[in-house]
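Here is a friendly walk through the pockets and helix contacts of one protein model. Have a look at the sequence and the fold before reading on.

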Amino acid sequence: MAEAAGDMVSRRTRGLDRAFEILEFLRVKRQPMRPNEIASEIGAPRSSVYELVNLLLSHGMLDYQGGDGRVYLGRRLYFLGTAYAEQFDLMRECDRMLVRLAEETRETAQMCLLEGRKYTVAMMREGIRPFRISSNVGELVSIPWTASGRLLVSHLTDQEIIDFIPPEDFVLPDGRQMQPSEFIAQVRQASRDGYFTFNSEVENFTHCFAVPIYQADGTCIATLCLVTPREDGLRNRSAYLESLLQAASEISEKLGFHPQSRAVAAR
């Protein structure tokens, strides 16, 4: 009897894991797909994927979109996300700061996070200048390609960074191979400086600024960023960094972080 109950729990757990895998796959894919296509892409049995897709459809977690039986993320997820945003202070505070940064600098302001072993833009406010730079919110990008990446892994040891970042992600968009040791050196320098800036590896003619948002224990859990035309970014470097550092400091303090606590944690 107990063995049968254990088997049922195990099956339900596997089903939940697979259902979350389907939702995450569609989030990353960003287009409606047929259940058989989903099954093929994630390497799952078609029968179980069809069963889970029907269950997710019945609960509003998926909706039919695009015809031909294609499904995509459902309206119920929107309401869950809205409830999450209402209660999670970090997102609300970051949105307020992004508005302020975009108004102060006229540049594109972003809040960025780690998503699994990748970097992603979680929130964005475009500047009011005629020349605009946009990124796809939620798109997954290799960590070494980004200014924020140097800060978001700064709490890890050298070996943990090497184990965490897939080896192929050290190949930059132009095909150059970045040595992990070079990236780690930049991580440590960024941690000491409290920011990182560079000419973007992803977008030509842009300069990126990233500063850390720290939680109470001194771990960088997110970054505030500016993405600017290269010449403007270099010309206004000091002013832009000052705006970013002030905004990030205000959020970090509300999360319980104080600069001296980071100094103690680093010893």
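## About the model

This is a predicted model, in which local features need pLDDT of at least 70 and side-chain atom pairs count only at pLDDT 80 or more, while totals for chains, interfaces and linings use all residues. Residues are numbered from 1 along each chain as its sequence is written, and side-chain values use heavy atoms, with hydrogens and water left out.

## The largest pocket

The largest pocket has a volume of about 910 Å³. A pocket here is an open set of points on a 1 Å grid over the protein atoms alone where a 1.4 Å probe fits, with protein on both sides within 12 Å along at least five of seven lines; lining residues have an atom within 4 Å of a point. Points are joined across faces, edges and corners, and the volume is the space filled by probe spheres set on them.

Its lining has 21 residues, with R27, L77, G81, Y84 and A122 nearest the centre. Helix α4 (75-87) is among the elements that supply at least two lining residues, as are α1 (2-29), β2 (71-73), β3 (108-115) and β4 (118-125); α4 gives the most, seven. Helices (H or I, at least four residues) and strands (E, at least two) are DSSP runs numbered from the N terminus. By class, the lining has 13 nonpolar, four polar and four charged residues. Ala, Val, Leu, Ile, Met, Phe, Trp, Tyr, Cys and Pro count as nonpolar, Asp, Glu, Lys and Arg as charged, and the others, Gly among them, as polar.

## The second largest pocket

The volume of the second largest pocket is about 460 Å³. Of its 17 lining residues, G15, L16, A19, L52 and L55 lie nearest the centre. Two or more residues come from each of α1 and α3 (46-58), and α1 gives the most, with nine.

## Two helix pairs

Helix α2 (residues 35-42) packs on α3 at about 125 degrees, with the axes 9 Å apart, which makes α2 oblique to α3. Axes are lines fitted to C-alpha atoms over the stretch in contact, and angles run from 0 to 180 degrees between N-to-C directions.

The axes of α5 (residues 89-105) and α10 (residues 237-254) come within 10 Å and cross at roughly 165 degrees, so α5 and α10 are roughly antiparallel. Angles under 35 degrees count as roughly parallel, over 145 as roughly antiparallel, 65 to 115 as roughly perpendicular and the rest as oblique.
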